[in-house]
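This report looks at the disulfides of one protein model. Have the sequence at hand as you read.

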Amino acid sequence: MTSWRLRALLTTVATAAVVLSIAPPAVAAPALEIKSIAFDRASVDVSQGGATVDLTWTITNRAARAARISGVVEMRQYSGDVQIGQPRAITYDLRPGSDVYGSGTPQESTYAYRFEVPRYAAEPATVWRVTKLTVADDLAHARTVKDPGPATLTVTQAVDTNGPVLQQIFLDYNQKRAVYDDGSGVTLRYRMHINDETAFKRGKLTLAGPGGTRLSTTFQLTKSGTQTLCGDEAIWSTAFPTCTAAVVVPGGSASGAWQVARVDLTDMYGNTRTETSFGLAPIVVSRNDKVSASGFALTEAQVNNWRQNATTELVLTPHGAVEGLATVDVIVPSCTQVSRTPVVREDGSVAVSIVMPAGYNGSCHIEGVKLTDGAGNVALYGTDYGAPNLNLFIRPVPDNKPPVVLSARLPKSTWTQQETQDGSRIGFDVTVELDEFAEVSGYYATLYDIAGETVGGASGGLHDYEGNGVYHLGVYPTRRLEAGEYTIGFSLSDDAEMSSQWGDRNGGERPIPGGPLVVTVVAD
């Protein structure tokens, strides 16, 4: 071979080697694939009634070590090429907790979504399309596919021409019917149940207030992660949402009543309905600038209610009342207001009576006081209305005296072994000192053998039904007792949570007056 031919051949081989070395690497196939996705039929007619269509899809994963598959399927409704209504997002997972719980393995799993086809739409014929599918495993493989399939469903349906219906409107949770305004303004919160043939979209709530003032707020469907909200309430159906709305009464607004005057509701197709008739009582907002009061006090902050109901009075001095105070309403949990009509005193102050029930060993906090004058003007005080704490409490007088036993006796002191084996109650009577303070309310009794070991006992609540201070107690042996002598020790507790021990072999505080309670067991 001549030298020039050899050089040409070497040049050709070298050039080919360079071309091969710079060729791009082959692209690996994605780990996650949509094997199939489709509705179980191509079309459906729901113009005369509802229908359910299954959407099924299968995911494959080349990653043999993957242990989980999850994702989201997005569906949208179209009239021609124009999207209408709200998209639907369907979560799926091989584990429970999503909208769709799949079957199979992480390497090949299948999912089926039961689609309840909406009966109403803005057009008589529409198409539902799967517009996006996302999928991920637990090995950081993830994929998003737009317009998979394609998966489409043609729907013949009734045309929605009606606006949403307000089924009910009421005060939101913890919203009071009367609210104190310190001058900076307040927020009034409402809750509504709404029904629509297709899907509610947005609304407007209008209140009418003092002097013809009107205030409005809007509310609508929003997305928060996978949840749909209406106001700040999570909803599960856009056709039957519960929505919240908050109306801000600005600072400096006049005192008076705020009434729901109008609610406008609009669905996803633009149909609107207006409601103007409601059976909801107004919310009263007061700055305490028309009628007010001072000098709030209790005639007795401590009452003796240990044995019977005890009464005290709330006293206050009104200012600016037109035609006097018509009512005084006191919010005082665990105690009871006797009458809403105040008693006028010689010094111009007024008083209402409050009763603490017999035996109640807690405190009654005056959480709210509402004053209404003859012209209907209102003043609000206390934490229940959002006003400063009045710091008024009704409490029982202290009782630091534990129950005192005057005597104790055994109606039957001798028992056979068989009687103890049968579980008979060994009764004993205790007489306590009567006074005007806390009543004995419970006991605990123990039966001891000669060595001081426990061989029986009992406990329970007590009440002096006869009113003579005599209580009938008892103990139960835990087994058949041997012949011999046994003693009973006991403790008494009262409504003031004071207690005393009597004849207790394990360090009793006091001996039983008249001597110990000795039970004699004889052989059968």
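C243 is buried, with a relative accessible area of 0%. Buried means under 20% relative accessible area, exposed over 50%, and partly exposed in between (1.4 Å probe, protein chains only). The model is predicted, so local features need pLDDT of at least 70, side-chain atom pairs count only at pLDDT 80 or more, and totals for chains, interfaces and linings use all residues. Residues are numbered from 1 along each chain as its sequence is written, and side-chain values use heavy atoms, with hydrogens and water left out.

How many disulfides does a search of the whole structure find? It finds two. A disulfide is a pair of cysteine sulfur atoms within 2.5 Å.

| Disulfide | S to S | Torsion about the S-S bond |
|---|---|---|
| C230 and C243 | 2.0 Å | 95° |
| C335 and C364 | 2.0 Å | about 75° |

**C230 and C243.** This link is right-handed. It joins distant parts of the chain, 13 residues apart. C230 sits in strand β19 (residues 227-230), and C243 sits in strand β21 (residues 242-250). Strands (E, at least two residues) are DSSP runs, numbered from the N terminus. C230 counts as buried because its relative accessibility is 0%.

**C335 and C364.** The torsion here is about 75°, so this disulfide is right-handed. Again, the pair links distant parts of the chain, 29 residues apart. C335 lies in the loop between β28 (325-331) and β29 (336-337), while C364 lies in strand β32 (residues 364-365). C335 has 11% relative accessibility, so C335 counts as buried. C364 is buried too, at 0%.

What is the pairing when the bonded cysteines are numbered in sequence order? The pairing is 1-2, 3-4.

Notes
Helix = DSSP H or I, 4+ residues; strand = E, 2+ residues; numbered from the N terminus.
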